[in-house]
Amino acid sequence: MNFSQQNMALLIILLVITNCYILCKSTDPTDGFTNVQLTEENFKIQRPYDVPLEERYSYQNGTHRLWVYADDKPHDPNSHTQPRTEIRITGLDYSSGVWQFEGHAFVPNGTSGATILQIHGASKGATTIILRIYGGEMRYYSGQVIATDLYDKWFRINLIHDVDEGNVTVFLEGVQVFVTGDQGPGDLYFKCGVYAAPANISYYMESRWRDIKIYKKCG
């Protein structure tokens, strides 16, 4: 093999490695998962108990719009939690396996201190993970910043919970941005919308959602 042939062989090897790297990096987070069929029965809207549904929620052209005010009542007269307007995914509670939420979210400028996505349930505490918006940043609860500059744009979010391995992974636009341990098994389910944080919240809070899907890894 002469020098030119060696260079050509090396170039081919580099191209193969590069293509494999690109393919690996572009793997969709839903690969290997099975889409679980959703119906209207799976979407339960939780809202302040003393107002009609249409005053805190709308559904038009495939988009769920949910909003709440800082001085709203909780979703239940016996609850002492913060105000919320959330979609609670029902009929798909889980306690084991690998489950995934996918949706496209939109948060208008000004909404701050609002949980837009969570996994409810855990053996330690009430939730496995909470994703909150503060000033256009997405945070893990009120702590670590996961993403920035999220106001006034649609973004795809995927949230994977591997109960058996005890971890949760967050993807934005198909890119992994955060991994954390969970809080132990429990009666687990997904929720999205707006749920006010305990402190430092805007008076008005809103999020919009479309293309909500649930996936499960089988086998």
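**Group meeting: rings, charges and pockets**

A search of the whole structure finds 9 aromatic pairs. Take Tyr-69 and Tyr-203. Their ring centres are 5.4 Å apart and their planes stand at 50 degrees, so this pair is tilted. Where do the two residues sit in the chain? Tyr-69 is in strand 4, residues 63–69, and Tyr-203 is in the loop between strand 14 and strand 15, so the pair ties together parts 134 residues apart in sequence. Tyr-69 is partly exposed, at 25% relative accessibility. Tyr-203 is partly exposed too, with a relative accessible area of 48%.

Before I go on, a reminder. This is a predicted model.

Next pair: Tyr-94 and Phe-190. The centres are 5.7 Å apart and the planes at 35 degrees, so again we call the pair tilted. Tyr-94 comes from the loop between strand 5 (84–89) and strand 6 (98–106), and Phe-190 from strand 14, so the contact ties together parts that are 96 residues apart in sequence. Buried or exposed, these two, Tyr-94 and Phe-190? Both Tyr-94 and Phe-190 are buried. They also belong to a cluster. Tyr-94, Trp-99, Phe-101, Phe-190 and Trp-209 form one aromatic cluster.

Now charges over rings. Arg-65 lies over the face of Trp-67, 4.1 Å from the ring centre. Arg-88 puts its charged end over the ring of Tyr-189, at 3.4 Å from the centre. Keep Tyr-189 in mind. Tyr-189 returns in the lining of the second largest pocket.

On to salt bridges. Side chains of opposite charge can pair when their charged atoms come close. How many salt bridges are there here? The count comes to 10 salt bridges.

Start with Arg-156 and Asp-28. Their closest N and O atoms are 3.0 Å apart. Arg-156 lies in strand 11, while Asp-28 lies in the loop between helix 1 (3–25) and strand 1 (34–36), so this bridge ties together parts that are 128 residues apart in sequence. Arg-156 is at 13% relative accessibility, so it counts as buried. The cut-off for buried is under 20%. Asp-28 is at 25%, so Asp-28 counts as partly exposed. The bridge is also part of something wider. Asp-28, Glu-102 and Arg-156 are linked in a network of salt bridges.

Another bridge joins Glu-206 and Arg-208, at 2.6 Å from N to O. Glu-206 is buried, with a relative accessible area of 4%. Arg-208 is partly exposed, at 25%.

Lys-153 has 33% relative accessibility and counts as partly exposed. Asp-149 is exposed, at 54%. Why is Asp-149 classed as exposed? Its relative accessible area is 54%, so it passes the cut-off, which is over 50%.

Asp-149 brings me to the backbone. Asp-149 has a positive phi of about 55 degrees, although it is not a glycine. Its place is the loop between strand 10 (145–147) and strand 11 (154–162). Asn-200 is another such case. Phi of Asn-200 is near 55 degrees, a positive value in a residue other than glycine. Asn-200 sits in the loop between strand 14 (189–196) and strand 15 (204–216). Asn-200 is exposed, with a relative accessible area of 67%.

Last topic: pockets. The largest pocket holds about 360 Å³ of space. Its lining has 16 residues, and nearest the centre are Leu-38, Phe-43, Tyr-59, His-64 and Ile-212. Which strands supply at least two residues each to the lining of the largest pocket? They are strand 1, strand 2 (43–46), strand 3 (57–60) and strand 15. Strand 15 gives the most, with 4 residues. By class, the lining divides into 7 nonpolar, 5 polar and 4 charged.

The second largest pocket holds about 150 Å³. Its lining includes Gln-46, His-75, Arg-84, Gln-118, His-120, Lys-191 and Tyr-195. Tyr-189, the ring under Arg-88, is in the lining as well. Strand 7 (114–120), strand 8 (127–134) and strand 14 give two or more residues each. Strand 14 gives the most, with 3 residues. Here the classes are 4 nonpolar, 6 polar and 2 charged.

Terms used:
Residues numbered from 1 in each chain as written. Predicted model: local features only at pLDDT ≥ 70, side-chain atom pairs only at ≥ 80, totals over all residues. Heavy atoms only, no water. Buried < 20%, exposed > 50% of the residue type's maximum accessible area, 1.4 Å probe, protein only. Phe/Tyr/Trp six-rings, centres within 6.5 Å; stacked < 30°, edge-to-face > 60°. Lys NZ or Arg CZ within 6 Å of the ring centre and 35° of its normal. Salt bridge = Lys/Arg side-chain N within 4 Å of Asp/Glu carboxyl O. 1 Å grid on protein atoms, 1.4 Å probe; cavity = no way out; pocket = protein on both sides within 12 Å on 5 of 7 lines; lining within 4 Å. Points joined across faces, edges and corners; volume = space filled by probe spheres on them. Nonpolar A, V, L, I, M, F, W, Y, C, P; charged D, E, K, R; others polar.
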